[in-house]
Amino acid sequence: MEYISSFTYCDSIQTEITSQGPRHQIMNPLQVLAPIAIPGNYSFSIACNIAGFDASKENSVRIIFCAPNGENLYDTGDVRFLIPSEQIKANGLNSMQFNLDIRNLVLKEAGLCSTKVLFNNKELGEYKIQVIVGGH
């Protein structure tokens with residue numbers, strides 16, 4: 001059964017190329033989103049790992065970031081993926097890391113925002129984060 005094994009809001013995700021392949025580094029995990037002014041633009045990233053799914057078939061993931069009033073502020077739409085069988089055999093894992101970079105998103109109001117993660121049209125989880133006016 002599919003499940004979310006990790007979820008993080010952060011400033012950015014940097015990719016480092018190593019001899020073992022790409023390595024992702026989460027930079028500055030966030031407890032709140034703090035634009036200088038509201039309404040205002042804000043940039044942040046989301047790292048989400050989904051595991052436990054049937055890797056032998058095509059799957060889809062959709063990530064939706066919602067305002068406190070429920071309005072969808074960012075929606076990836078359905079992202080379809082198929083893991084190559086060679087990769088499944090080599091790693092023995094059926095998990096996928098999704099790194100989402102959201103730049104200059106207009107946050108119209110302070111309050112509790114949420115991110116919904118859907119896998120094959122089924123909601124796996126919802127993660128909330130407070131939006132506040134930040135300092136200079």
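The model is predicted, and local features need a pLDDT of at least 70, side-chain atom pairs count only at pLDDT 80 or more, while totals for chains, interfaces and linings use all residues. Residues are numbered from 1 along each chain as its sequence is written, and side-chain values use heavy atoms, with hydrogens and water left out.

The residues that line this largest cavity are Ala67, Pro68, Leu73, Leu107, Lys108, Glu109 and Cys113. A cavity is a set of points, on a 1 Å grid over the protein atoms alone, where a 1.4 Å probe fits but cannot get out, and lining residues have an atom within 4 Å of a point. The volume of the largest cavity is about 30 Å³, taken as the space filled by probe spheres set on the points, with grid points joined across faces, edges and corners.

Lys108 also forms a salt bridge with Glu71, with the closest N and O atoms 3.2 Å apart; the term stands for a side-chain nitrogen of Lys or Arg within 4 Å of a carboxyl oxygen of Asp or Glu. This pair links distant parts of the chain, 37 residues apart, since Lys108 lies in the loop between strand S8 (95-107) and strand S9 (111-119), and Glu71 in the loop between S5 and S6. Strands here are DSSP runs (E, at least two residues), numbered from the N terminus.

The structure holds five salt bridges, and another of them joins the side chains of Asp75 and Arg62 at 2.4 Å, N to O. Asp75 belongs to strand S6 (residues 72-75) and Arg62 to strand S5 (residues 59-66), 13 residues apart. Asp75 is partly exposed, with a relative accessible area of 30%, and Arg62, at 28%, is partly exposed as well; buried means under 20%, exposed over 50%, and partly exposed in between (1.4 Å probe, protein chains only).

Turning to the strands, four of them form an open sheet in the order S2-S1-S4-S8, with antiparallel pairing, where two strands pair if DSSP finds at least two bridges between them. Strand S2 (21-29) and S8 stand at the edges with a single partner strand each, so one side of each is left without a neighbour in the sheet. Inside the sheet, strand S1 (residues 3-18) and strand S4 (residues 40-51) run antiparallel and are joined by seven bridges, and Ser6 has Asn49 in S4 as its bridge partner.

Notes
1 Å grid on protein atoms, 1.4 Å probe; cavity = no way out; pocket = protein on both sides within 12 Å on 5 of 7 lines; lining within 4 Å. Helix = DSSP H or I, 4+ residues; strand = E, 2+ residues; numbered from the N terminus.
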